[in-house]
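I opened this notebook to record what I looked up in one model, entry by entry. Each entry keeps to a single topic.

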Amino acid sequence: MMDCKKALKEAEGDFDKAIEILRKKGQKLSAKRADRDAKEGVVMAMVNDDKTKGVVIKLSCETDFVAKNDDFVQLARKMAGIALSEFPESKDDLLNQKFESITIGEKITEQIGVIGEKIEMAEYERIESDMVVSYIHMGHKAGVILGLNQAGEAEEKAGRDVAMQVAAMRPVSVSKDDVPQKTIDKELEIGREIALKEGKPEAIVDKIAQGKLNKFFKENTLLHQAFVKDGKKSVEQYLKSVSPNLTVTGFKHIELG
């Protein structure tokens, strides 16, 4: 508030000039604080009215004090709303979207000057599907958007349950078919090394490594994970109990840290 008053005084009451002063101050602060950690902030997830598009952003700052400030939360909400409305393809495209008379990127620079902390649009993701649901976890410390191949009231409820699962269990992909080959190769390599260190015969090392890879799939891919609300079912089985062909088309999970 004091910085805003000083800028207005310097600008002799000219509001637009005061904003420009704050923006220039923000540019200087941004350069000075570039190496600072911005591990706090706000994660905001939103879906559009017809529930076919969703976005999730992370607006980062340095301290929890700023992250909990209602003005900062509202700023993140407004930026997420612009992201949802304009649906840009990348974070760079998002930063170039209009925010009132300036861009989102310029607004962030302006706020660095006002708040005096490093602020950045750390992450941005989007999803488009037959139905998209969102979930915000732990007071804006994590957010999930999740796409389903079917729409409906029951499907939406199931989608929220699964979005909560994503936030809690942090799967790496929807199914084992989506796991990058590089990750599979690494897990097999780790499995072989463990088996050899345990003194297992060379002839069965590959079989043991494959078994460990299957365990990795079960624990780390969404559809194969045990459903947190009913451990007797996998997430895939839970979805099929709601509708025989219901499945997840994709998800995005962003969290602080």
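The entries below go from the whole chain to its sheets, cores and individual residues.

**Entry 1. Basis.** I noted that the model is predicted, that local features need pLDDT of at least 70 and side-chain atom pairs pLDDT 80 or more, while totals for chains, interfaces and linings use all residues. Residues are numbered from 1 along each chain as its sequence is written, and side-chain values use heavy atoms, with hydrogens and water left out.

**Entry 2. Whole chain.** I counted 10 helices and 10 strands; these are DSSP runs numbered from the N terminus, helices being H or I of at least four residues and strands E of at least two. Of the 257 residues, 44% count as buried. For burial I used relative accessible area: buried is under 20%, exposed over 50%, and partly exposed in between, with a 1.4 Å probe and protein chains only. The chain exposes about 14200 Å², of which carbon and sulfur atoms supply 48%; the areas come from the Shrake-Rupley method with a 1.4 Å probe, and for residues only the protein chains shown count as cover. I also looked up contacts (heavy atoms within 4.5 Å). Among those between residues at least 6 apart in sequence, 64% join residues at least 24 apart.

Entry 3. I found an open sheet of 3 strands, in the order 1-2-5, with antiparallel pairing; strands count as paired if DSSP finds at least two bridges between them. Strand 1 (40-47) and strand 5 (120-128) are the edges, each pairing on one side only. From one strand to the next the twist averages 10 degrees. Strand 2 (residues 53-61) pairs with strand 5 over 8 bridges, and Lys58 has Glu123 of strand 5 as its bridge partner. Helix 4 lies across strand 1, strand 2 and strand 5, at about 145 degrees to strand 2. For such angles, axes are lines fitted to C-alpha atoms, for helices over the stretch in contact, and values run from 0 to 180 degrees between N-to-C directions.

**Entry 4. Cores.** Which residues touch the most other members of the largest nonpolar core? Among its 27 residues they are Met44, Ile57, Leu59, Met79, Ile104, Ile108 and Met121. Such a core is a set of buried Ala, Val, Leu, Ile, Met, Phe, Trp, Tyr and Cys residues joined through side-chain atoms within 4.5 Å. Strand 1, strand 2, helix 3 (64-67), helix 4, helix 6 and strand 5 each supply at least two residues of this core, and helix 4 gives the most, with 9 residues. A second, separate core of 21 residues includes Met131, Leu148, Phe227 and Leu246. Returning to Met79, I listed its contacts beyond four places in sequence, among them Ile57, Leu59, Leu94, Phe99, Ile104 and Met121.

**Entry 5. Helix 6.** I checked the length of helix 6 (residues 104-115): at 1.5 Å a residue its 12 residues should span 16 Å, and its end C-alpha atoms are 16 Å apart, which agrees. The expected span is 1.5 Å times one less than the number of residues. Since 9 of the 12 residues are buried, helix 6 is largely enclosed by the rest of the structure. The buried residues include Ile104, Lys107, Ile108 and Glu110. Just after helix 6, Gly116 takes a positive phi of about 85 degrees.

Entry 6. Most residues other than glycine have a negative phi. Phe87, in the loop between helix 4 (70-86) and helix 5 (91-95), has a positive phi near 50 degrees. Glu100, in the loop between strand 3 (98-99) and strand 4 (102-103), has a positive phi of about 55 degrees. Is each buried or exposed? Phe87 counts as buried because its relative accessibility is 9%; Glu100, at 57%, counts as exposed.

**Entry 7. Strand 7 and its partners.** I found 7 of the 7 residues of strand 7 (residues 142-148) buried. Ala142, Val144, Leu146 and Leu148 point one way, and Gly143, Ile145 and Gly147 the other. Strand 6 (residues 131-137) runs antiparallel to strand 7 and is joined to it by 7 bridges, with Ile136 opposite Gly143. The two strands form a hairpin with 4 residues between them, where Met138 in the turn has a positive phi of about 55 degrees. Strand 7 and strand 10 are likewise antiparallel, joined by 7 bridges; Leu148 has Val248 as its bridge partner in strand 10.

**Entry 8. Phe251.** Phe251 is in strand 10 (residues 248-255) and is buried, with a relative accessible area of 14%. Its C-alpha atom is separated by 7.3 Å from that of Ile127, 124 residues apart along the chain. Beyond four places in sequence, Phe251 touches residues including Ile127, Ile145, Leu146, Val166 and Leu222.
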